[in-house]
Amino acid sequence: MDKQEQLVRTAFRLFYSRGIHAVGVNLVLAESGIAKKTLYHHFPSKEHLVEATIRYRDGSYRAWLRSRLDRVSVGKPALLELFDALDDWFHGRVAELEPFHGCFFINASAEFGDHNSAIHRACAEHKAGITALIRTQVDALPLPEGRKEEVTRLVVLLKEGAISVAHVQGNLEAAAEARERVNSILPG
């Protein structure tokens with residue numbers, strides 16, 4: 001692992017577990033064992049480091065989720081697997097993801113509320129990418145074209161709601177509960 005990747009991974013772990021504004025650059029340096037000069041060689045500011053952690057998490061999260069969905073058939077099985085994957089994440093059964101501390105993208109966008117900031121835009125891009133991944137599965141369902149957008153939005157809302165309920169309310173069964181709802185409304 002090169003120093004830039006080490007900085008990003010260390011910063012992500014700290015930002016995700018403690019909050020972005022709660023973690024200073026000096027802590028990232030101390031935890032990573034990398035010199036300040038090296039940090040600023042790769043990232044001119046903390047915001048650039050934050051954006052890099054968002055891109056890092058986006059890539060690792062999407063890769064993990066795609067691998068889970070690829071285990072099963074497209075359509076309803078994959079949409080149900082989405083919630084099984086979330087359930088595994090909530091319960092700490094996913095080695096490739098950090099222990100569950102809510103949605104990093106929601107957390108980061110809350111700390112950087114300006115919709116025009118690069119950080120907020122990167123979070124929105126992640127959410128759009130996950131929505132597109134879900135839409136691909138919905139497109140495989142035997143639904144009229146007009147209903148596919150509605151079902152996509154519903155599945156996305158249930159996914160986002162499950163993550164929020166698990167994190168904010170501590171209900172780690174939220175993904176299983178959302179899965180039951182999805183199973184009952186989808187054809188097949």
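A salt bridge is a side-chain nitrogen of Lys or Arg within 4 Å of a carboxyl oxygen of Asp or Glu. E51 and R55 form one, with their closest N and O atoms 3.4 Å apart.

## Ground rules

This is a predicted model, in which local features need pLDDT of at least 70 and side-chain atom pairs count only at pLDDT 80 or more, while totals for chains, interfaces and linings use all residues. Residues are numbered from 1 along each chain as its sequence is written, and side-chain values use heavy atoms, with hydrogens and water left out.

## Salt bridges

Side chains of opposite charge can pair when their charged atoms come close. By the rule above, the count comes to 19 salt bridges.

Go back to E51 and R55. They sit 4 residues apart in helix α4 (residues 46-69), so about one helical turn separates them. Helices here are DSSP runs (H or I, at least four residues), as strands are (E, at least two), and they are numbered from the N terminus. R55 has 39% relative accessibility, so R55 counts as partly exposed. The cut-offs are these: buried is under 20% relative accessible area, exposed is over 50%, and partly exposed is in between (1.4 Å probe, protein chains only).

D88 and R68 make another salt bridge, at 2.9 Å from N to O. D88 belongs to helix α5 (residues 76-90) and R68 to helix α4, so this pair ties together parts that are 20 residues apart in sequence. Both D88 and R68 are buried.

## A charged network

K148 and E145 also form a salt bridge, and their closest N and O atoms are 3.9 Å apart. How many residues apart are K148 and E145 in helix α8? They are 3 residues apart in α8 (residues 145-168), which puts about one helical turn between them. Is K148 buried or exposed? K148 is buried, because its relative accessible area is 9%. E145 has 53% relative accessibility, so E145 counts as exposed. Salt bridges that share partners join R135, D139, E145, K148, E149 and R153 into one network.

An unreviewed UniProt entry gives residues 1-61 the annotation "domain: HTH tetR-type". UniProt positions follow the numbering used here, feature names are shortened, and annotations may be inferred rather than shown by experiment. Residues 1-61 are 77% helix and 0% strand, and their end C-alpha atoms are 19 Å apart. The unreviewed entry also annotates residues 24-43 as "DNA-binding region". That span is 75% helix and 0% strand, with its end C-alpha atoms 14 Å apart.

## How α1 meets α2

Helix α1 and helix α2 (residues 25-32) pack at an angle of about 120 degrees, with their axes 9 Å apart. Axes are lines fitted to C-alpha atoms, for helices over the stretch in contact, and angles run from 0 to 180 degrees between N-to-C directions. The angle makes α1 oblique to α2. Under 35 degrees counts as roughly parallel, over 145 as roughly antiparallel, 65 to 115 as roughly perpendicular, and the rest as oblique. The crossing of α1 and α2 is right-handed. A crossing is right-handed if the near helix is turned clockwise from the far one by less than a right angle, and left-handed if anticlockwise.

Q6, L7, T10, A11, R13, L14, F15 and R18 of α1 make the contact with L27, V28, L29, E31 and S32 of α2. Contact means heavy atoms within 4.5 Å. Look at T10. T10 lies in α1 (residues 3-18). T10 is at 9% relative accessibility, so T10 counts as buried. Leaving out residues up to four places away in sequence, T10 touches V28, E31 and S32.

## How α6 meets α7

The axes of helix α6 (residues 104-111) and helix α7 (residues 118-139) come within 9 Å and cross at roughly 155 degrees. Therefore α6 and α7 are roughly antiparallel to each other. Their crossing is left-handed. F105, I106, A108 and S109 of α6 meet I119, H120, C123, H126 and K127 of α7.

## After α9

P187 lies in the segment after α9 (174-185). At 24% relative accessibility, P187 counts as partly exposed. What does P187 touch, not counting residues up to four places away in sequence? P187 touches K76, L141, P142 and L143. P187 and W89 are 98 residues apart in sequence, and their C-alpha atoms are 26 Å apart in space.
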